Amino acid sequence: MADEESKLQSLAISSPPSLLEVDEHATSSNDSTLLGSASITSSVTQWEWENGRRYHGYKAGSYPIPNDEQELERIDLKHHVMMLLCGAHLHLAPLYKPRRVLDIGTGTGIWAIQMADQNPETTVIGTDLSPVQPSWVPDNVRFEIDDIEAKDWTWADNSFDYIHSRFMIASISSWPRLVRKAFQHCKPGGYFEMQELDPRFRSDDGTIEEDSNLASFNELIAEAGVKYNRPLPKYDEHYAWFEKAGFVDIQQVFLKSPSNPWPKDKLLKEVGKFQLLAHLEGLEGVSMGLMCRGLRWKADEVKVLMAKLRSELRNRSIHSYQTTTVIVGRKPETSQSCNVSGYASSSYGQAPLTPTSTSTGQPESHSYSEEASREEYQKKTCHIGPTRSLQAKTSTI
């Protein structure tokens, strides 16, 4: 039991200062390097092609981001960024020997494969609209082509000890429904963890000017998401969805990803290098489908905007970043309802996980109601930017 407690306690995360310190000696950077991915697509897959990019064929049109090699490289880059931000942890939920794990929107499958490698007794299922995952995978992982937006998921209620969701922006028409469905399919005592990016660029010091291309992008991408019926949530919207779905012991943190190596902190500077590369190589692909389909822009118009954005993203005097919300909720061991409107109640009789609470450093649980003001809510929520103290706490696994 002591070993279990030690492992769970190592998942605690500290709360460093929210403001990022600027590296005053920073100069223009060309030191980013490409990272590749090695996905093998099915020979029988029928793809959709649009503006020179490849898109999924199954449920064509429901996801406006490409699935070609350029996009797969961006996905793996973002995985590396998240591993840096989370101190090399694949998850922040206090798991101990989960038997069944579901990875929603698995993409290249990199997270699911690493999760299976680290937990050989765990069955890991990765689901996606595109069969772009590798053929050679651990025996305890499998990939399924499925639509997470479907009314009924293909798995039974109370099926998973842990459900993982990451970077599903532009994939979901109703985020509260996704959280309710995750609640429905978690085992009693199981966890749902969402690691979700708010694509809007922000700065703490006002270096993103109101008439900048970054500010314009923020408005355009949000409008495109709404018009395409794939709204892009702000970083502080997720907590209420978890609470309404029925999750308890809810914890969340906000992680800042600098747009280039402008921070003074060495870890965040490293994050900025990879984040810049992801933007330069992949932001056009992320934006093209949404803006062309949602805003009815022409491809050339999107390319012009992306060229302008690249200049600002490289500029280290603009201290921009994006925010990723990492939020974890636990399904109670007993419950009278799934809290999913329209679904029948389920009986929860399986043995729950029994995570041990950590001592210090873990973000506090916060209650939240729709009536609470945004200002009051933000005061009660941890804004963190990873530092060496975060790494020190999480380097034991």
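**Close-up views of a predicted model**

**Figure 1. Helix α2 (residues 69-85) and helix α7 (residues 266-294) have axes that come within 9 Å and cross at roughly 155°.** With an angle over 145° counting as roughly antiparallel, α2 is therefore roughly antiparallel to α7. The crossing in which α2 passes α7 is left-handed. Please keep in mind that this is a predicted model.

**Figure 2. Here are the residues through which α2 and α7 meet.** On the α2 side, look for Gln70, Glu71, Arg74, Leu77, Lys78, His80, Val81, Leu84 and Leu85. Their partners in α7 are Leu267, Leu268, Glu270, Val271, Phe274, Gln275, Leu277, Ala278, Glu281, Gly282 and Val286. Sorted by class, the contact of α2 with α7 comprises 11 nonpolar, 4 polar and 5 charged residues.

**Figure 3. Helix α2 is mostly covered, with 12 of its 17 residues buried.** From its first C-alpha to its last, α2 reaches 24 Å, close to the 24 Å expected at 1.5 Å a residue. Following α2 is Gly87, which has a positive phi, near 65°.

**Figure 4. The axes of helix α5 (residues 213-227) and helix α8 (residues 299-314) come within 9 Å and cross at roughly 130°.** This angle makes α5 oblique to α8. As α5 passes α8, the crossing is left-handed. From α5, the contact draws on Asn213, Leu214, Phe217 and Leu220. From α8, it draws on Leu305, Met306, Lys308, Leu309, Glu312 and Leu313. By class, the residues where α5 meets α8 are 7 nonpolar, 1 polar and 2 charged.

**Figure 5. Thr106 sits in the loop between β3 (100-104) and α3 (110-118).** To see what surrounds Thr106, set aside its neighbours within four places in sequence. The residues then in contact with Thr106 are Ala112, Gly126, Thr127, Asp128, Gln133 and Phe143.

Methods: Residues numbered from 1 in each chain as written. Predicted model: local features only at pLDDT ≥ 70, side-chain atom pairs only at ≥ 80, totals over all residues. Heavy atoms only, no water. Axes fitted to C-alpha atoms, helices over the stretch in contact; angles between N-to-C directions. Helix = DSSP H or I, 4+ residues; strand = E, 2+ residues; numbered from the N terminus. Parallel < 35°, antiparallel > 145°, perpendicular 65-115°, else oblique. Left-handed = near helix turned anticlockwise from the far one by under 90°. Contact = heavy atoms within 4.5 Å. Nonpolar A, V, L, I, M, F, W, Y, C, P; charged D, E, K, R; others polar. Expected span 1.5 Å × (residues − 1). Buried < 20%, exposed > 50% of the residue type's maximum accessible area, 1.4 Å probe, protein only.
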